[in-house]
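Hi everyone, thanks for coming.

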Amino acid sequence: MNSTIFTSTTSLWPPSSFFPCKTMQNLKQLHAQMIKTAQIRDPLAAAELLRFSALSDHRDLDYARKIFLSMHRPNCFSYNTLIRALSESNDPCDALLVFIEMVEDCSVEPNCFTFPSVFKACGRAERLREGRQVHGLAVKFGLDSDEFVVSNVVRMYLSCGVTEDAHRLFYRRVFVDGCDGIRDKKRRVDGDVVLWNVMIDGYVRIGELEVARKLFDEMPQRSVVSWNVMITGYAQSGHFKEGVEVFREMQMAEVPPNYVTLVSVLPAMSRLGALELGKWVHLYAVRNNIGVDDVLGSALIDMYAKCGSIEKALQVFEGLPKRKVVTWSTIIAGLAMHGRAKDALDHFEDMERAGVMPSDVTYISLLSACSHAGLVDEGRWFFDHMVRVSGLEPRIEHYGCMVDLLGRAGLLEESEELILNMPIKPDDVIWKALLGACKMHGNVEMGKRVAEHLMELAPHDSGSYVALSNIYASSGNWEGVAKVRLMMKEMDVRKDPGCSWIELDGVIHEFLVEDDSHPKFKKIHSMLQEMSRNLILVGYRPNTTQVLTNMDEEDKESSLNYHSEKIAIAFGLISTQPQTPLRITKNLRICEDCHSSIKLISKIYKRKIIVRDRKRFHHFVNGSCSCMDYW
């Protein structure tokens with residue numbers, strides 16, 4: 001037995017002898033020794049054993065329960081330890097059962113550290129009735145004025161969707177009780193900031209972002225947590241531009257970002273393609289000694305990859321001292337997005353050689369790489385390898401990748417057969433992948449069948465209507481287009497407009513299709529006309545089959561000039577120095593006409609143009625594209 005774990009059996013058991021425990025195995029050895037020497041009767045010693053088994057990084061809740069049950073008379077600290085651990089577990093209701101035992105135990109009384117964990121359990125389990133009862137007990141024990149208890153009862157009500165009660169408590173605490181003569185003003189102000197943060201976070205969690213932002217704007221004093229809550233809320237709800245704007249406001253307010261800020265804002269920058277801001281975040285982390293671990297490292301890799309700088313993503317990856325599975329999966333996904341399938345597969349081999357077991361996310365990245373490059377046989381091999389070698393159960397995302405892979409390669413029947421034979425119910429994303437393949441390969445009959453199925457599955461999703469309309473339009477069936485549009489009108493289904501972003505000097509400029517709202521639109525319009533003339537001079541002919549409206553040929557050609565990515569490119573050309581690369585982010589899949597014309601624009605203006613559409617990256621250089629026209 002490892003002698004370094006124990007103190008002399010003749011001495012009292014001090015807490016210092018507990019700290020050498022690094023694993024549950026160490027703890028069990030110590031526990032056995034303490035039972036043998038009767039030191040387990042020391043309440044402090046037993047409580048420390050319970051704390052490690054319940055709350056450490058190596059926690060074992062079943063073992064913690066056994067320790068607790070073996071205690072002769074558990075004290076308040078022991079009850080609080082177990083309640084807190086259970087409130088954070090997969091079954092938080094168990095914390096309520098232990099709390100009931102505590103209340104019924106006449107030898108111990110709940111304190112200000114008990115109730116926050118109990119409220120957390122009620123909130124996570126959405127047990128409002130029990131939460132109200134616990135709130136009553138907190139009042140009975142005279143703890144309803146403690147800021148830690150108040151903030152957690154407010155959070156509980158918000159988690160249960162009872163915003164009126166939460167707001168009433170918040171208002172009374174901040175605007176009524178806050179007017180009394182408290183001696184410790186700093187403590188009170190700090191407590192109020194915490195309560196404001198709880199309110200904002202609660203509204204963010206239930207999707208009330210406007211209310212959260214109103215409270216944020218009204219805050220008399222903000223902590224870094226306040227800013228982080230708003231940035232995270234916007235980023236996680238898809239309001240990426242707003243999240244980045246709050247981050248910029250944070251900088252102007254001279255509030256130093258912390259680790260959480262950087263991890264929260266990087267995904268928003270990734271989605272917007274805000275490379276310059278992302279670079280600033282990376283530099284800030286380095287200069288302020290914020291450790292780039294696997295989480296922040298993966299966020300930086302993802303940001304660089306999604307902002308079009310895959311080489312910089314590779315540099316970050318290579319510079320990490322330790323690479324976990326999330327890091328490997330992120331770089332493989334980045335390489336896949338950029339069409340570098342061979343590099344993605346090579347990194348998978350390196351990952352295996354490094355002894356890192358792939359996760360289900362890793363295989364999604366690998367299958368995506370195969371799909372973008374048309375590597376059908378390799379995709380089948382990885383799908384089989386995931387099940388047979390790694391022992392992972394395919395998720396719906398893996399089936400979606402396989403449907404996309406087969407569909408893009410023109411194997412429409414095999415793709416449909418895979419959907420029909422899936423062991424799990426296919427969702428609308430999988431059917432959309434097949435529908436997109438039908439459009440790509442002009443299979444009108446299958447496309448119509450799949451679209452009709454999608455309309456039943458998701459009647460208010462514009463994707464299936466638009467795809468079917470596009471299939472009809474590309475084959476010249478304008479009567480079919482009219483029918484689909486009538487259905488959309490009757491169902492009040494609206495198509496998402498094409499939208500593109502370009503970042504210049506840290507500012508994100510957004511353009512919609514046929515957008516004339518930009519302050520520099522006159523110059524943009526002149527550049528669009530110049531681009532059109534130069535394209536015609538080099539032999540370009542507009543692909544009017546991409547115009548899905550029944551209009552004359554001249555109007556169709558004019559319409560193609562005002563797609564959002566072309567407007568963004570025109571703005572980039574007039575706003576940057578010659579030979580400066582342009583990076584465009586688009587919310588939809590790039591159309592064939594834009595793809596063909598941007599290839600020529602890159603040659604005419606001697607620019608590298610990087611476009612990230614909904615599916616992948618296109619690197620346009622000197623008249624060619626990295627996708628090799630397979631996308």
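Let's begin with a right-handed β-α-β unit, made by strand 3, helix 31 (residues 592–604) and strand 4. Keep in mind as we go that this is a predicted model.

In which sense do strand 3 and strand 4 pair, parallel or antiparallel? They pair in the parallel sense, over four bridges, with strand 4 covering residues 609–612.

Strand 3 has another neighbour to show you. Strand 1 (residues 499–504) pairs with strand 3 over three bridges, this time in the antiparallel sense. Here you can find Ser500 standing opposite Lys586 of strand 3.

As background, nonpolar side chains in soluble globular proteins tend to be buried together. In this model, the largest nonpolar core has 157 residues, and the members that touch the most others are Val154, Ile200, Met269 and Leu434. Helix 10, which spans residues 185–205, gives the most to this core, with eight residues.

Let's zoom in on Val154. Leaving out residues up to four places away in sequence, Val154 touches Ala166, Leu169, Phe170, Leu195, Val198 and Met199. There is also a second, separate core of 31 residues, and among its members are Ile502, Tyr540, Ile598 and Phe620.

Methods: Residues are numbered from 1 along each chain as its sequence is written. This is a predicted model: local features need pLDDT of at least 70, side-chain atom pairs count only at pLDDT 80 or more; totals for chains, interfaces and linings use all residues. Side-chain values use heavy atoms; hydrogens and water are left out. A nonpolar core is a set of buried Ala, Val, Leu, Ile, Met, Phe, Trp, Tyr and Cys residues joined through side-chain atoms within 4.5 Å. Buried means under 20% relative accessible area, exposed over 50%, partly exposed in between (1.4 Å probe, protein chains only). Helices (H or I, at least four residues) and strands (E, at least two) are DSSP runs, numbered from the N terminus. Contact means heavy atoms within 4.5 Å. Two strands pair if DSSP finds at least two bridges between them. A crossover is right-handed if, with the strands pointing away from the viewer, the path from the first strand over the helix to the second runs clockwise.
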